[in-house]
Amino acid sequence: MKDINCGYCMRGELLDAFGIVICDLSVSTLILFREQSHPGRCIVAYKDHVSELVNLSDEERNAYFADIDRAAKAIHSAFHPNKINYGAYGDTGCHLHFHLVPKYKDAFEWGGVFAMNPGAVKLTDAEYAEMIEKIKANL
């Protein structure tokens with residue numbers, strides 16, 4: 001099931017506004033968040049347009065969390081954060097996805113409140129490509 005107004009479902013310009021597809025995982029898509037105040041920040045979006053974890057069967061949920069775990073391990077290996085914060089939002093988009101937000105001691109927002117989209121750090125296409133390759137190499 002897809003929603004024609006959803007960037008995760010339709011990709012293209014809707015998704016390009018905030019993310020870059022890294023790859024498809026078993027039941028989800030791994031996306032590099034364009035705003036990189038937290039180096040390595042990604043989104044793991046479920047393959048179907050569902051709103052809540054409770055919309056998944058036990059098997060679907062377990063497969064989704066296995067994808068999140070796989071992505072988190074790749075981010076840890078590629079960027080060595082001190083911590084990854086996990087956020088599940090979607091008040092308006094209603095497509096199940098988790099933000100994986102690497103946090104680094106003595107860096108942006110360590111120990112502080114998370115800003116969803118601070119808009120502080122945008123990269124060049126080459127820098128995005130380099131980050132994507134580091135993540136892919138560790139999947």
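## Contacts, cores and backbone

The side chains of Glu-52 and Ser-51 make a polar contact of 3.4 Å, in what should be read throughout as a predicted model. Glu-52 is placed in the loop that runs between β3 (42–46) and α3 (58–79). With a relative accessibility of 45%, Glu-52 counts as partly exposed, because that class covers values between the 20% limit for buried and the 50% limit for exposed. Glu-52 and Tyr-89 are 37 residues apart in sequence, while their C-alpha atoms are 9.8 Å apart in space.

**Salt bridges**

Side chains of opposite charge can pair when their charged atoms come close.

| Asp-24 | Arg-11 | 2.7 Å |

The salt bridge between Asp-24 and Arg-11 links distant parts of the chain, since Asp-24 belongs to strand β1 and Arg-11 to the loop between α1 (7–10) and α2, 13 residues apart. Asp-24 counts as exposed at 51% relative accessibility, whereas Arg-11, with a relative accessible area of 29%, is partly exposed.

The other two pairs lie in helix α3: Asp-58 and Arg-61 are separated by about one helical turn because they are three residues apart in this helix, and Asp-69 and Lys-73, being four residues apart there, are likewise separated by about one helical turn. Asp-58 is partly exposed, with a relative accessible area of 47%, and Arg-61 also counts as partly exposed, at 29%. For Asp-69 the relative accessible area is 38%, so this residue too is partly exposed.

Which side chain joins that of Thr-29 in a polar contact of 2.9 Å? The partner is Asp-24, the residue that also forms a salt bridge with Arg-11. Thr-29 is found in strand β2 (residues 28–33) and counts as buried, because its relative accessibility is 10% and buried means under 20%. When neighbours within four places in sequence are left aside, the contacts of Thr-29 include Arg-11 and Asp-24, together with Val-21, Cys-23, Ile-43, Val-44 and Ala-45.

Phe-33 is found in strand β2 as well, and with a relative accessible area of 6% Phe-33 is buried. The C-alpha atoms of Phe-33 and Gly-19 are separated by 4.5 Å, although the two residues are 14 residues apart along the chain. Beyond its neighbours within four places in sequence, Phe-33 is in contact with residues including Phe-18, Gly-19, Arg-41, His-99 and Met-116.

In soluble globular proteins, nonpolar side chains tend to be buried together. The largest nonpolar core in this model has 29 residues, and those with the most contacts inside it are Ile-22, Leu-30, Leu-32, Tyr-64, Leu-100 and Ile-135. At least two residues of this core are supplied by each of β1 (19–24), β2, β3, α3, β5 (97–103) and α4 (125–137), and the largest share, eight residues, comes from α3. Apart from this core lies another, of eight residues, among them Cys-6, Leu-15, Ile-31 and Ile-43.

Residues up to four places away in sequence not being counted, Tyr-64 touches several residues, including Val-27, Val-44, Tyr-46, Leu-53, Leu-96 and Phe-98.

Leu-14 has its place in helix α2 (residues 12–16) and is partly exposed, with a relative accessible area of 40%.

**Positive phi values**

Most residues other than glycine have a negative phi. Asp-106 has a positive phi, near 60 degrees, and Glu-109 likewise has a positive value, near 65 degrees. Asp-106 lies in the loop between β5 and α4, and Glu-109 is found in the loop between β5 and α4 too. Are these residues buried or exposed? Asp-106 is exposed, with a relative accessible area of 81%, whereas Glu-109 counts as buried at 16% relative accessibility.

Conventions. Residues numbered from 1 in each chain as written. Predicted model: local features only at pLDDT ≥ 70, side-chain atom pairs only at ≥ 80, totals over all residues. Heavy atoms only, no water. Buried < 20%, exposed > 50% of the residue type's maximum accessible area, 1.4 Å probe, protein only. Polar contact = N/O pair within 3.5 Å; in protein donor to acceptor, adjacent residues only side chain to side chain. Contact = heavy atoms within 4.5 Å. Core = buried A, V, L, I, M, F, W, Y, C linked by side-chain atoms within 4.5 Å. Salt bridge = Lys/Arg side-chain N within 4 Å of Asp/Glu carboxyl O.
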